[in-house]
Amino acid sequence: MYTSVMKRFLLIAGLLLVSGCRPFWINFVSPPGPPEYQLGWEDGCDSGLSSEGGWDYKLMYGFKKRPEMSANDQYKQGWNEGFTYCRYSLASSKGGGSWEDIGLGNGF
């Protein structure tokens, strides 16, 4: 009985630990600007990761766009830039490392 409870605890703790993790390169990006822009960038980044990633990314990040911020231009700009940056960063990290993956063809 004790081991069953311990296994469940470790499983739940592991899932919670993993769910808060973003890809490591995104942790080095600190978007400049006012708090509304930064909030939009974070929400857009999570949405971009969700749209490009597999089911695990969809579960961890999901689509985030705050309706109360729909009239805020700083939030919208931050959301769009965060979405684009994180989506394409994740897409490029999944490539095989070939020149063809970045659109230069095979001439290099």
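Modeller: Start with Lys76 and Asp73: they sit three residues apart in helix α4, so about one helical turn separates them. Helices here are DSSP runs (H or I, at least four residues), as strands are (E, at least two), numbered from the N terminus.

Colleague: What do Lys76 and Asp73 form, and how far apart are the closest N and O atoms?

Modeller: A salt bridge, with 3.7 Å between the closest N and O atoms of Lys76 and Asp73. The term means a side-chain nitrogen of Lys or Arg within 4 Å of a carboxyl oxygen of Asp or Glu.

Colleague: Is this an experimental structure or a predicted model?

Modeller: This is a predicted model: local features need pLDDT of at least 70, side-chain atom pairs count only at pLDDT 80 or more, and totals for chains, interfaces and linings use all residues. Residues are numbered from 1 along each chain as its sequence is written, and side-chain values use heavy atoms, with hydrogens and water left out.

Colleague: Back to that pair. Is Asp73 buried or exposed?

Modeller: Asp73 is exposed, at 56% relative accessibility, while Lys76 is partly exposed at 35%. The cut-offs are under 20% relative accessible area for buried and over 50% for exposed, with partly exposed in between (1.4 Å probe, protein chains only).

Colleague: How many salt bridges does the rule give?

Modeller: Four. One of them joins Asp46 and Lys64, whose closest N and O atoms are 2.6 Å apart. Asp46 is in helix α2 (residues 35–52) and Lys64 in the loop between α3 (55–60) and α4 (73–93), so the pair ties together parts 18 residues apart in sequence.

Colleague: How accessible are Asp46 and Lys64?

Modeller: Asp46 is buried, at 7% relative accessibility. Lys64 is partly exposed, with 31%.

Colleague: And what does Glu52 pair with?

Modeller: Arg87, in a salt bridge at 3.4 Å, N to O. Glu52 is in helix α2 and Arg87 in helix α4, 35 residues apart, so this pair links distant parts of the chain. Arg87 is partly exposed, at 27% relative accessible area.

Colleague: Different topic. Which residues make up the largest nonpolar core?

Modeller: Eight residues: Tyr37, Trp41, Cys45, Leu49, Tyr57, Tyr61, Cys86 and Leu90. Helices α2 and α4 are the elements giving two or more residues to this core, and the largest share, four residues, comes from α2. Such a core is a set of buried Ala, Val, Leu, Ile, Met, Phe, Trp, Tyr and Cys residues joined through side-chain atoms within 4.5 Å.
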